[in-house]
Amino acid sequence: MKKTLIIANWKMNPKTTKEANNLFNSVKAGSHRIKKTEVVICPPFIYLPFLKEKGRLKLGGQNGFWEESGAYTGEVSLLMLKKIGAEYVIIGHSERRKYFKETNSEVLKKTKSALSVGLKPIICVDKVSQIPDFSNFRKEEIKNIIIAYEPLFAIGTGKACSPKKAKEKRLLIKHDFVLYGGSVNFKNARDYLLEAGFQGLLVGGASLKAKEFIKIIDSAEKN
Ligand code: PEP
């Protein structure tokens, strides 16, 4: 994975398919020249089938269940995500840990399942101790795992972590591909890539504003 990775986490937004299409099409139009960046849009599951004409954009899920199918009311399997065209999946986002009590062992199960169906897992952590133990994973599997360092105080608050502090954490994470997430905007995006040395960004709120998100992609292209 050599490209800078920019992930858009739309969370539970926008409210309608029409708005989702408009947002997607605006980002697609603004990113038709990207070369050095891989841009992944992670919408609510329900919009995935509508976002077929992807241009240079890739799709991801915001979650997924480890069993392939069965009596698990309300769940969507990682296999289903893959079959609908997703290439990535966010796992263990802090909002899932907080509101849905997702645990480290569930994160591990989801990671294994994602890899087995050919999805690249983006594992969100606020502490180094939340990173699963990869000692039983194959080298090729580890290469496809992305860690997103997301300090809790910075998620959705507008209080971004200083690039210096983020870099200190980055150096504690013994993994090749690490993203920063937490109140990223077009003004600070470049600092996390250049100054703090992250390989990409996980963007929440700012990914819902096409113009701002395109500026973030542009800063990654110039990186
Ligand atoms: C996120 O959703 O992971 C996130 C970092 O959100 P925001 O950019 O809004 O802080």
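How do the residues of the lining of the largest pocket divide into nonpolar, polar and charged? The legends below take up this point and others in a predicted model.

**View 1. The largest pocket and its lining.** The residues lining the largest pocket divide into 8 nonpolar, 4 polar and 3 charged. The space in this pocket comes to about 380 Å³. It is lined by 15 residues, of which Lys11, Met12, Gln62, Arg96 and Phe100 are the closest to the centre. Helix α3 (residues 94–99) contributes 3 residues, the largest share of the lining.

**View 2. The second largest pocket.** This pocket has a volume of about 240 Å³. Its lining is made up of 19 residues, and the closest to the centre are Gly156, Ser183, Val184, Gly204 and Gly205. By class, 5 residues of the lining are nonpolar, 10 are polar and 4 are charged.

**View 3. The two faces of strand β6.** In a regular strand, side chains alternate between the two faces of the sheet. Strand β6 spans residues 146–149 and is covered on both faces. Ile146 and Ala148 are buried on one side, and Ile147 and Tyr149 are buried on the other.

**View 4. The strand partners of β6.** Strand β5 (residues 120–125) pairs with β6 in the parallel sense over 4 bridges. Within this pairing, Ile123 stands opposite Ile147 of β6. Strand β7 (residues 178–181) also runs parallel to β6, and 3 bridges join the two. Here Ala148 has Leu179 of β7 as its bridge partner. Between β6 and β7 the chain passes through helix α6 (residues 163–172), forming a right-handed β-α-β crossover.

How values were computed: Residues numbered from 1 in each chain as written. Predicted model: local features only at pLDDT ≥ 70, side-chain atom pairs only at ≥ 80, totals over all residues. Heavy atoms only, no water. Buried < 20%, exposed > 50% of the residue type's maximum accessible area, 1.4 Å probe, protein only. Pairing = 2+ DSSP bridges. Right-handed = clockwise from strand over helix to strand, strands pointing away. 1 Å grid on protein atoms, 1.4 Å probe; cavity = no way out; pocket = protein on both sides within 12 Å on 5 of 7 lines; lining within 4 Å. Points joined across faces, edges and corners; volume = space filled by probe spheres on them. Nonpolar A, V, L, I, M, F, W, Y, C, P; charged D, E, K, R; others polar.
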